[in-house]
Amino acid sequence: MDLDLILRGANLPDGRSGVDIGIADGRIAAVAPGLQAEAREERDVTGRLVTPPFVDAHFHMDSTLSLGQPRLNRSGTLLEGIALWGELKPQLTQEAVMERALAYCDLAVSRGMGAIRSHVDVCDDRLLAVEALLEVKRRVAPYLTLQLVAFPQDGLFRSPTAEANLLRALDMGVEVVGGIPHFERTMSEGAASVKRLCEIAAERGLLVDLHCDESDDPLSRHIESLAFETQRLGLQGRVNGSHLTSMHSMDNYYVSKLLPLMAEARLTAIANPLINITIQGRHDSYPKRRGMTRVPELLEAGVPVAFGHDCCMDPWYSLGSADLLEVAHMGVHVAQMTSLDGMADCFRAVTETPAKILHLEGYGLEPGCRADLVVLQARDPVEAIRLKANRLLVLRAGRTIAETPAQVTRLHLPGRPEQVVAER
Ligand SMILES: [Zn+2]
């Protein structure tokens, strides 16, 4: 076997340890302990967790890193965020959107991100952000996969030019159909928008990802229409509901009917723990609802759930750092997924599961998969989440695209010998 690189002694997310990973021509050629082969380069990763890259299933790259433009969100609420974005939109330039997006992509790669699904607002008749992000997608393709969703932020029917703009964006090369049914004027308009958007996706053979029921209103049930339209149009396995926060507040009996309908339509779900925990429940006194969707119950019903970052330093969220381990960490807490299986599920929610939702080609750790890998300063997925571990090495198609030195601390404690400790 003629290999380009061997990583020796890796721990894998499934619990295997002491595994060698052989890489040739940008793909994984072998995964085995004690691999007998020659390679141009070898790296000792003994005891380190090696994983396929993080995948962010839900992001807004047109607004990212715009924090403070034109002003800060003083209340920290969703509504002031939407108003702020409305103030910023007419001032956007293509260059500024691209510059911010490219800066975010650099940050994402340094954090071991291999792919991002980003919504792009199409309710600006100039479609300036669409053009900018399509260009960013082309530029970053050698090191980061960017998938774009045509997102009518102001409502497909509520905004007079949204549908025409959405179709234009798809013609330009945006590949996923987005929507926001709970923001339409009435429940029936919301349901009609779900129907229309699914029909557009069916006609064009596209994936669907709607912002769906991002509300504390237990009667916001557009996810039911989404499951129904998915079945009616034969879109099984291609449709995702993002947020689904109303499910947090729904009646348990209704949810017991809804979950099997979602599983039957092979829907997937994306929760956004950082954003859901800060934006939902704002009209509550005490007790205050968490507002995140029912992650363990969805998984139990056979509906795959990914965790997205959603926002980073923009009108809606002034924090974040492109770190999906931080997202998984918040997910563990908000959903109380502290069981061993639960924490493993949370790690999958930022790796394997979003890769499936995005229909990424060649993602994984099997021979034949793309040699896109991240070496972490952690032994296993739980430690990775606990420490939000350093990304020591990020590989894309077998080539190193980012390196971070292992974190160590030198302690000078009075009355104690000097010592050097690793982060753990
Ligand atoms: Zn979103």
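Student: Which residue's side chain meets that of D4 in a salt bridge?

Tutor: R40; the N to O distance is 2.2 Å. A salt bridge here is a side-chain nitrogen of Lys or Arg within 4 Å of a carboxyl oxygen of Asp or Glu. Keep in mind that this is a predicted model: local features need pLDDT of at least 70, side-chain atom pairs count only at pLDDT 80 or more, and totals for chains, interfaces and linings use all residues. Residues are numbered from 1 along each chain as its sequence is written, and side-chain values use heavy atoms, with hydrogens and water left out.

Student: What parts does the D4 and R40 pair tie together?

Tutor: D4 lies in strand 1 (residues 2-10) and R40 in strand 4 (residues 38-44), so the pair ties together parts that are 36 residues apart in sequence. Helices (H or I, at least four residues) and strands (E, at least two) are DSSP runs, numbered from the N terminus.

Student: Is R40 buried or exposed?

Tutor: Exposed, with a relative accessible area of 66%. D4 is partly exposed, at 25%. The cut-offs: buried is under 20% relative accessible area, exposed is over 50%, and partly exposed is in between (1.4 Å probe, protein chains only).

Student: Which residue forms a salt bridge with E42?

Tutor: R8, with the closest N and O atoms 3.0 Å apart. E42 lies in strand 4 and R8 in strand 1, so this pair ties together parts that are 34 residues apart in sequence. E42 is partly exposed at 42%. R8 counts as buried at 19%.

Student: What about R27, which side chain does it meet in a salt bridge?

Tutor: That of E361, at 3.3 Å, N to O. R27 lies in strand 3 (residues 27-32), and E361 in the loop between helix 13 (352-357) and strand 14 (373-376), so the pair ties together parts that are 334 residues apart in sequence.

Student: How many salt bridges does the count come to?

Tutor: 31 by this rule. There is also a network of them linking K195, E199, E229 and R232.

Student: New topic. Where is E214?

Tutor: In the loop between strand 10 (207-212) and helix 6 (222-232). E214 is buried yet has no salt bridge. The nearest side chain of opposite charge, R282, is 11 Å away. For charge, Lys and Arg count as positive and Asp and Glu as negative; His and the chain ends are not counted.

Student: Which side chain does a polar contact join to that of E214?

Tutor: The side chain of H243, at 3.5 Å. A polar contact is a pair of N or O atoms within 3.5 Å; within protein, one must be able to donate a hydrogen and the other to accept it, and residues adjacent in sequence count only if both atoms are side-chain atoms. Leaving aside neighbours within four places in sequence, E214 is in contact (heavy atoms within 4.5 Å) with H182, H243, T245 and Q280.

Student: And D216, where is that found?

Tutor: D216 is in the loop between strand 10 and helix 6. At 15% relative accessibility, D216 counts as buried. A polar atom of the D216 side chain lies 2.7 Å from the backbone nitrogen of G281. Not counting residues up to four places away in sequence, D216 touches S249, Q280, G281, R282, R289 and G291.

Student: What order do the strands of the open sheet of eight have?

Tutor: 6-7-8-9-10-11-12-13, with parallel pairing. Strands 6 and 13 (305-307) are the edges, each pairing on one side only. Two strands pair if DSSP finds at least two bridges between them.

Student: How many bridges join strand 11 to strand 12?

Tutor: Three, between residues 239-243 and residues 268-271. G241 stands opposite A269 in strand 12.

Student: Last one. Which peptide bonds are cis?

Tutor: One joins Q69 and P70, with omega about -10 degrees. Another runs from Y286 to P287, with omega near -5 degrees. P70 lies in the loop between strand 6 and helix 1 (78-88). P287 lies in the loop between helix 9 (273-279) and helix 10 (295-300).
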